[in-house]
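Hi! Here are my notes on the model you asked me to look over. Have it open while you read.

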Amino acid sequence: MTTAILYTMDFLRVQSRKTMLELDALSCIRIEVLTFPDLKKPAYLKDVNPMGTSPAFTSGVDGLRLFESGAILCHLLEVYDTKHEMHPAVGSAQRPVYLQNIFYVLTTVYPTVTQLFLHLLKPVDQQDQTFLASARTKWKDYIAPTLVLELGEKLFLLGDNLSAADLLLGKPLNNANDLGLLDAFPTLKAFFDRVSIRPSFEMAYSADSKF
């Protein structure tokens, strides 16, 4: 019986889940799907995530508790990707580029696209047009061109082989695709198509998925 638990919201489909699916390692971790009220329960705040957010990760063996999504992803890769199939080894030539991609997605791409996506779910009369214009400009003039430059002629961010960085980028690009933001960037659209046909992507995002 596993003592490692990954806590998530059903609609989030966290990147860690897709990575574990690629590694065929979900048998090592229990997925605990939470509701919004669950996030504010005293036991969750005390024992799992004092921020009252998702995702989170705990391991009963060593008492480990993580509540930052990037740290969770990196930890899972270090523990379960010992052959470095999804992340470059420390000291390898690709490692610095991989780290840059991971943190660029987490700190710049994901927040910008997700905030834009969620804002557009509001009724039109409640939308801040100044914010929308700023977010769209940031995407069109800076974020998307940077990603296009980073990809170049490669299939994936690190070359011909898929990595956790690609799966991480798949989430905001999924939102961007829904908003039509990939239409002007065929390189990103082709990249998203390659990532989204992965069985792990389909399993993580399907409405009836148990993962």
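Which residues point one way from S1, which the other way, and are they buried or exposed?

1. Ala-4, Leu-6 and Thr-8 point one way from S1, while Ile-5, Tyr-7 and Met-9 point the other way, and all are buried. Buried here means under 20% relative accessible area, with exposed being over 50% and partly exposed in between (1.4 Å probe, protein chains only). In a regular strand, side chains alternate between the two faces of the sheet.

2. A quick word on the ground rules. This is a predicted model, where local features need pLDDT of at least 70 and side-chain atom pairs count only at pLDDT 80 or more, whereas totals for chains, interfaces and linings use all residues. Residues are numbered from 1 along each chain as its sequence is written, and side-chain values use heavy atoms, leaving out hydrogens and water.

3. Back to S1 (residues 4-9): six of its six residues are buried, so the strand is largely enclosed by the rest of the structure. Strands (E, at least two residues) and helices (H or I, at least four) are DSSP runs, numbered from the N terminus.

4. Now the sheet. Four strands make an open sheet in the order S2-S1-S3-S4, with mixed pairing; two strands pair if DSSP finds at least two bridges between them. S2 and S4 (64-66) are the edge strands, each pairing on one side only.

5. How do the pairs run? S1 and S2 (residues 30-34) are parallel, joined by five bridges, while S1 and S3 (residues 56-59) are antiparallel, joined by four. Leu-6 stands opposite Ile-31 in S2 and opposite Phe-57 in S3.

6. On to the helices. The axes of H5 (residues 95-119) and H6 (residues 129-151) come within 10 Å and cross at roughly 155 degrees. That makes H5 roughly antiparallel to H6, a label for angles over 145 degrees. Axes are lines fitted to C-alpha atoms over the stretch in contact, and angles run from 0 to 180 degrees between N-to-C directions.

7. Last, take a look at Asn-101 in helix H5. Asn-101 counts as buried because its relative accessibility is 5%. Not counting residues up to four places away in sequence, Asn-101 touches Glu-150, Leu-157, Leu-158 and Ala-165, where contact means heavy atoms within 4.5 Å.

Conventions:
Parallel < 35°, antiparallel > 145°, perpendicular 65-115°, else oblique.
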